[in-house]
Amino acid sequence: MPETHSTLFIPGDSRYHRLHPFNKLAYILLTGVTVYLGPGKSLAAACLIILNAGFAVEAAIFIPLWRVLWRTLLPLALYMGIIHGFFNPANHTVLISLGNMSVYQEGIQFTFTVVLQLSAVLSASLLFAFCTHPADLITAVSQAGWPPALAYLLGSPLLLLPAMRERARTIQAAQRARGLETHGRLSQRFRAVFPLITPLILGAIVEIEQRAIALEVRSFNIPGKKTSWRKVTDSVVQGFFRWGMVTVIIMIVTYRFIN
Amino acid sequence: MSRIEQLKKDFSTTTIVFIAIAIVINIVVGQMVSLLKLPIFLDSIGTILVGVLAGPLAGGLTGLLTNLIWGIISSPVAAAFSPVAMVIGIVAGLCAKYGLFKTWWLAIVSGVIITVFNAIVAVPIRLYMFGGITGSGADFMTAYMLALGKDLFGSVIITVFTSNLLDKVFTAVLVWGIIKALPLRTTSRLSRADSTIA
């Protein structure tokens with residue numbers, strides 16, 4: 001299975017794709033801090049959403065991003081609108097009256113603000129997920145001098161996942177062939193957990209030793225810099241922007257603590 | 001043993017591989033169980049396993065990375081809850097350190113303790129980032145509590161605690177059983193395996 005199918009990444013060659021992964025990560029953090037801690041919550045969130053939409057158009061991922069965004073947020077917004085519209089403890093201005101229940105303005109306003117904040121953060125995170133090849137993130141982590149173990153931990157689960165999913169399917173098929181019920185009553189389904197999960201987990205844990213030996217004979221543990229075929233491009237301007245964003249994040253957090 | 005030595009022992013190559021495997025276990029088991037339509041998720045089983053067998057720091061790292069990687073793979077909402085997953089691993093590790101994974105009934109106690117700390121971290125995130133609602137079945141409970149006249153904070157606490165209690169207790173007991181079933185040859189390579197011997 002090609003790895004592009006197991007992550008959200010969509011190949012492309014836009015400016016946003018070529019940005020250093022750390023810049024995109026800093027941008028997610030900046031967005032989060034701005035909409036949740038900064039002044040002018042809804043307005044700032046609305047501006048950031050428009051900005052993110054612009055980035056998405058530039059990276060040619062606007063449609064897939066929009067699809068994931070509304071699929072995630074629409075059910076949330078509906079639940080939130082209903083629950084807060086009817087029951088928010090701050091409710092007192094009646095908007096619509098339905099018999100003995102009423103929809104209140106405060107609850108709807110609250111929902112609107114939360115959905116705006118979430119859209120801003122979610123769109124920034126999706127921009128990262130859609131435009132960053134996982135290997136670029138891993139390379140950036142090791143190029144920045146972080147321990148190779150961290151790069152391994154970020155990268156290897158993505159590679160192990162398809163194989164493990166395949167094994168889960170095999171176990172499911174094998175246990176069904178032995179007559180395992182996975183659809184019946186609640187107690188039956190609870191009992192089905194054990195024969196499905198234990199072989200998967202025990203098998204995976206017993207394999208650890210082999211994998212660890214395989215890493216050690218390839219000198220995973222020796223100190224010193226390792227070279228990589230993959231290069232992530234960085235520039236002075238990008239470094240400047242990165243630290244700029246970090247500075248703004250610190251400023252907003254301190255502003256919040258003072259007020 | 002000094003702290004540095006313990007840290008080196010806790011983060012051997014075997015542990016690093018164990019963490020990577022546990023991250024995948026969390027994701028795959030979570031998906032497998034969701035097909036059974038049970039009121040449990042089991043998506044922190046790998047995190048708790050690592051916490052018990054390799055210490056609180058390794059457990060915390062497993063939880064944190066699981067949700068971050070989940071964020072890259074499919075749902076960025078999971079990434080927002082990564083601090084919660086981290087705390088689950090840390091607390092599981094600490095429970096094991098104080099002998100709370102030695103028998104199945106002690107594992108139940110650990111499950112309850114994990115649920116309490118899970119709620120402490122999850123409630124503020126759910127409340128401030130998501131307005132108390134995450135689009136899951138548990139939201140009906142929040143709505144019901146609000147309709148009874150409870151405040152949002154109280155409603156969310158009750159929802160998070162009750163919807164996680166069964167899951168975390170079940171997971172903790174399952175982890176205890178899995179460790180009992182593992183061959184000694186495998187567990188003896190992991191730094192904190194002694195903590196589960198009764």
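Q: What makes two residues count as a contact?
A: Two residues are in contact if their C-beta atoms, placed from the backbone, lie within 7 Å. Under that rule, the contact takes 55 residues from chain A and 49 residues from chain B. The model is predicted: local features need pLDDT of at least 70 and side-chain atom pairs count only at pLDDT 80 or more, while totals for chains, interfaces and linings use all residues. Residues are numbered from 1 along each chain as its sequence is written, and chains are lettered from A and ligands numbered from 1 in the order in which they are written.

Q: Which elements give two or more residues to the side of chain A that touches chain B?
A: They are α4 (62-87), α5 (105-131), α7 (148-177) and α8 (186-217) of chain A. Helices (H or I, at least four residues) and strands (E, at least two) are DSSP runs, numbered from the N terminus. The largest share, 19 residues, comes from α8(A).

Q: How do the residues of that side of chain A divide into nonpolar, polar and charged?
A: There are 40 nonpolar, 10 polar and five charged residues. Here Ala, Val, Leu, Ile, Met, Phe, Trp, Tyr, Cys and Pro count as nonpolar, Asp, Glu, Lys and Arg as charged, and the others, Gly among them, as polar.

Q: How many helices and strands does chain A have?
A: Chain A has nine helices and two strands. Along the sequence they follow the pattern α-α-α-α-β-β-α-α-α-α-α.

Q: What are the domains of chain A?
A: The assignment gives domain 1 (8-132 + 233-258) and domain 2 (147-217). Such bounds come from an automatic or database domain assignment. The C-alpha centres of domain 1 and domain 2 of chain A lie 35 Å apart.

Q: Why is K37(B) called exposed?
A: K37(B) has 10 C-beta neighbours inside 10 Å, so K37(B) counts as exposed. A residue is buried if 20 or more other C-beta atoms lie within 10 Å of its own, exposed if 12 or fewer, and partly exposed in between, with C-beta atoms placed from the backbone. K37(B) lies in the loop between α2 and α3 (45-54) of chain B. Its phi is positive, about 55 degrees, although K37(B) is not a glycine.

Q: Is L42(B) buried or exposed?
A: L42(B) has 23 other C-beta atoms within 10 Å, so L42(B) is buried. L42(B) lies in the loop between α2 and α3 of chain B. Phi of L42(B) is also positive, near 55 degrees.

Q: Which residues have the most contacts inside the largest nonpolar core?
A: They are I19(B) and I21(B), in a core of 127 residues. A nonpolar core is a set of buried Ala, Val, Leu, Ile, Met, Phe, Trp, Tyr and Cys residues joined through C-beta atoms within 7 Å. Helix α2 (residues 13-35) of chain B gives the most to this core, with 15 residues. I21(B) touches A204(A), I205(A) and I208(A), not counting residues up to four places away in sequence.
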